[in-house]
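Here is a short briefing to read alongside the model. Keep the viewer open, and we will go from the whole chain down to a single residue.

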Amino acid sequence: MIVAVIDVMKRFLCALSALMMMLFIGSCSRSAVPQMTGGDDDPKLTVHFIDVGEGDCTLLESDDEFVLIDAGERDYGEEVLRYIEDQGADELKYMIATHPHSDHVGGLRTVIDGMDTENFITVSCDSDTYTWEKLMRAVDRNSINMIEAEAGTTYSFGKASLTIMAPLSRDEENYNNLSVVTRVVCGDISFLIEADAERESEYEMVDAGETLSADVIRCGHHGSSDASSDKLLKAVNPAFGVASCGEGNEYGHPHRETVQKFETMGCPLLRTDEAGTIVAYTDGRNLRFEAEKTDLSSYTYTAGEEKHTAEKLKYIGNKNSLYFHYSDCDGAMDMKEKNKVYLDSRDDAVAQGYTPCPGCQP
Ligand SMILES: [Zn+2]
Ligand SMILES: [Zn+2]
C-alpha cells in the first residue's frame, strides 16, 4: 500500500518537473533578449536591431509608441511579429519600408496582416517584384496611411523623433541608393539608420549639410565596402557601429574594409551575425547595449564623452598630382603605393600644398 502511494507520488513529481521544464524552455525561447529592469536609467528610447540573418530589421520604442523599419526576408515575418508583440506592442505608429529589396521588406506583409499599423512610410518606385507588389496591396487592403518619404521631414513617437535624411535623389538603377535613411534622436543621444544606402547616397547626405552626427550608426548595406565611406563616417563620428548581417553570409558582410575602418577609429562594430539581436537603451543621456548571444555590458557611452574617433581616418595625398582624397576614393585606391602620402587632417593636407580631389571633395 505505502509502496504504491510512493510510486504514485514519484510519478506525479516526475510529471510536475517535466511540466516545469517545458514552461522554463518555453519562456526562454519567447524572449531571447532580456527585458529592461528599469530603475535610474529607465529608457526613454529603446532600439532593437533584430537578428534576421542576412537582412535588416529595426524596432524603435519610446513611451509605448513603436516604429518598425524593415522586417527581413519573408520567412522572418512571423518571428518579427512575435518579437514586437513580446515588447508589449499592439500597434505600430509608423512602419518604414526602406527600399524594395526582399531582405528588408519581405517580412513586412506578415506584420501588417498581424498588427494595426497607422502610417506607412516608403519611397515610390517602379519595382514590379512579387514581394513589393504584395506589400503595396497589403498596405492598401488595410487602409494604412501611405506617406512618401521626404528628406527633412521629422516624425515624433513617445519622447523621441526621427528625421528622414535620404533619399535625396532618385537612382532607380540601384535601389540601395533609394533607401530611406533615418536619424533618430532622443535627448542628447542619436542614431543614424542607413538601410542599404551606399556611397552615392552617403555623399549626397553630407553635401546637403544637414546634421548627421550620431552616437550609433547602423552601417549602410550590411557593412559592405560600398557604404561606410570615410566622408560619411567623418560627418557622423559614431561612438558605435552596428552591422546587420547573416552568419557566414555569401557576400562576406561586413566587408574587411569596413571592419578595418572601425578598428582604425577605435569604434566598436557590433554585429548581429556574432551577437544575435542587439538592443540599445538610452535615457536621452546614457547609452548601453544588451545582446542575445554576447555580453555587451562594457559598451556604454554618455552624451558629451570624448569621441573624435573618425578623425583617425587618414587622407591620402598623391606626391605627383598634389591632390588629396578620402582613403576610399577611387583616386586613392588606384594610386601606386610609392606616390602615396598619408595626411592626418584636411588642414594638414592644405598646409602641405595639396588640393582636394574634385571627385570625393574631402
Ligand atoms: Zn538592398
Ligand atoms: Zn539589404
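In this predicted model, 66% of the protein chain's contacts with a separation of 6 or more link residues 24 or more positions apart. The chain holds 11 helices and 20 strands, and buried residues account for 46% of its 362 residues.

- An open sheet is built from 7 strands in the order 7-8-9-10-11-12-13, with mixed pairing.
- Strand 7 (154-157) and strand 13 (269-271) are the edges: each has a single partner strand, so one side of each has no neighbour in the sheet.
- On average, neighbouring strands of this sheet are turned by 20° against each other, direction ignored.
- Helix 6 (residues 199-208) packs on the sheet and touches strand 8 and strand 9 (181-186). The direction of helix 6 makes about 110° with that of strand 8.

**Where strand 7 meets strand 8**
- Strand 7 and strand 8 (residues 160-166) run antiparallel and are joined by 4 bridges.
- Thr154, found in strand 7, has Thr163 in strand 8 as its bridge partner.

**A closer look at Thr154**
- Is Thr154 buried or exposed? Thr154 counts as exposed, because it has 11 C-beta neighbours inside 10 Å, and the cut-off for exposed is 12 or fewer.
- Leaving aside neighbours within four places in sequence, Thr154 is in contact with Ser161, Leu162 and Thr163.
- Thr154 and Ile164 lie 10 residues apart in sequence, and their C-alpha atoms are 6.5 Å apart in space.

Methods: Residues are numbered from 1 along each chain as its sequence is written. Chains are lettered from A and ligands numbered from 1 in the order in which they are written. This is a predicted model: local features need pLDDT of at least 70, side-chain atom pairs count only at pLDDT 80 or more; totals for chains, interfaces and linings use all residues. Helices (H or I, at least four residues) and strands (E, at least two) are DSSP runs, numbered from the N terminus. A residue is buried if 20 or more other C-beta atoms lie within 10 Å of its own, exposed if 12 or fewer, and partly exposed in between; C-beta atoms are placed from the backbone. Two residues are in contact if their C-beta atoms, placed from the backbone, lie within 7 Å. Two strands pair if DSSP finds at least two bridges between them. Axes are lines fitted to C-alpha atoms, for helices over the stretch in contact, and angles run from 0 to 180 degrees between N-to-C directions.
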